[in-house]
Amino acid sequence: MGSSRWAPIAGWAAATATSIVLASTAILPVLRTTAPQDGALAQLPAGQSVSFPAPLPAVTESKPAESPSTTSPTSRPPRTTAPAVTGKPTTTTPSTRTTTPPTKTEDGWTVTTAADGLRTYVRSFQVEGGQAVIRMTSDGVVTLVTATPAQGYAVQKVQDSPDNMAVYFNETNHSFIIHAVWWDDRPFAEVSEVGQ
């Protein structure tokens, strides 16, 4: 009765060992083709790195497939070869190239001018209550790009016309206000604090 308990475990162990041996024998030719040749790997001094060009497509020789029974563990399958690389890799640029409008800075505003002549003004404002990024265009439109309140503050935007906007960073009985307006054909902004 004691030997019948071990029969399934012994059978499982024998089957597992057989499958490991067969799998190892089957992948041995593949492992041999990927192993580096003597001297193929050079040692780099500490602190140096090497960069590689983009991989090239492999070119393989077309040969009839051999059956597993005729392949011996010492024979090697045909190697794949890639064309030789000379010089630096070339890069291609897209045919539809977009040009970035030139930028400059005026009174703290980053200014870009589009091909149609429309100027865009962008500026980031940092106050104790938070941070806001405001955009104005030369056609008189003021917009809030982002507003991130500091911890304990809430943000509120008030805009009564396209050319006049205020951003409030509020806490109880205390506010920071960024007032932005398109005035006299240019952007104008004022930061104020109300309460304590």
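Leaving aside neighbours within four places in sequence, valine 191 is in contact with Phe125, Val127, Ile177 and Ile178. Contact means heavy atoms within 4.5 Å. Valine 191 is found in strand 9. Strands here are DSSP runs of E with at least two residues, while helices are runs of H or I with at least four, and both are numbered from the N terminus.

This is a predicted model: local features need pLDDT of at least 70, side-chain atom pairs count only at pLDDT 80 or more, and totals for chains, interfaces and linings use all residues. Residues are numbered from 1 along each chain as its sequence is written, and side-chain values use heavy atoms, with hydrogens and water left out.

**Valine 191**

- At 44% relative accessibility, valine 191 counts as partly exposed. Buried means under 20% relative accessible area, exposed means over 50%, and partly exposed lies in between (1.4 Å probe, protein chains only).
- Valine 191 and glutamine 126 are 65 residues apart in sequence. In space they are 9.6 Å apart, C-alpha to C-alpha.

**The whole protein**

- The secondary structure comes to one helix and nine strands.
- Along the sequence, the pattern reads α-β-β-β-β-β-β-β-β-β.
- The protein has 196 residues, and buried residues make up 16% of them.
- Take the contacts with a separation of 6 or more: residues 24 or more positions apart account for 25% of them.
- The protein exposes about 15,000 Å², and carbon and sulfur atoms supply 57% of it. Accessible areas come from the Shrake-Rupley method with a 1.4 Å probe; for residues, only the protein chains shown count as cover.

- Two strands pair if DSSP finds at least two bridges between them.
- Strand 2 (residues 109-113) pairs with strand 3 (residues 119-127) in the antiparallel sense over four bridges.
- Valine 111 stands opposite tyrosine 121 in strand 3.

**Threonine 137**

- Threonine 137 lies in strand 4 (residues 130-137).
- Threonine 137 is buried, with a relative accessible area of 13%.
- The side chain of threonine 137 makes a polar contact with the side chain of aspartate 139 (2.2 Å). A polar contact is a pair of N or O atoms within 3.5 Å; within protein, one must be able to donate a hydrogen and the other to accept it, and residues adjacent in sequence count only if both atoms are side-chain atoms.
- Beyond its neighbours within four places in sequence, threonine 137 is in contact with Leu118, Arg119, Thr120 and Trp182.

- Another open sheet has four strands in the order 6-7-8-9, with antiparallel pairing.
- Its edge strands are strand 6 (154-161) and strand 9 (186-195), and each pairs on one side only.
- Here the twist averages 15 degrees from one strand to the next.
- Strand 7 (residues 164-171) and strand 8 (residues 174-183) pair in the antiparallel sense over eight bridges.
- Asparagine 170 stands opposite serine 175 in strand 8, and valine 167 stands opposite isoleucine 178.
- Strands 7 and 8 form a hairpin with two residues between them. Asparagine 173 in the turn has a positive phi of about 60 degrees.
- Strand 8 and strand 9 pair in the antiparallel sense over 10 bridges.
- Strands 8 and 9 also form a hairpin with two residues between them. In that turn, aspartate 184 has a positive phi of about 55 degrees.

**The nonpolar core**

- The largest nonpolar core has 17 residues. Such a core is a set of buried Ala, Val, Leu, Ile, Met, Phe, Trp, Tyr and Cys residues joined through side-chain atoms within 4.5 Å.
- Those with the most contacts inside the core are Ile134, Met136, Val142, Val167, Phe169 and Ile178.
- Strands 2, 3, 4, 7 and 8 are the elements that give two or more residues to this core.
- The largest share, four residues, comes from strand 8.
- Strand 8 is mostly covered: eight of its 10 residues are buried.

Terms used: Axes are lines fitted to C-alpha atoms, for helices over the stretch in contact, and angles run from 0 to 180 degrees between N-to-C directions.
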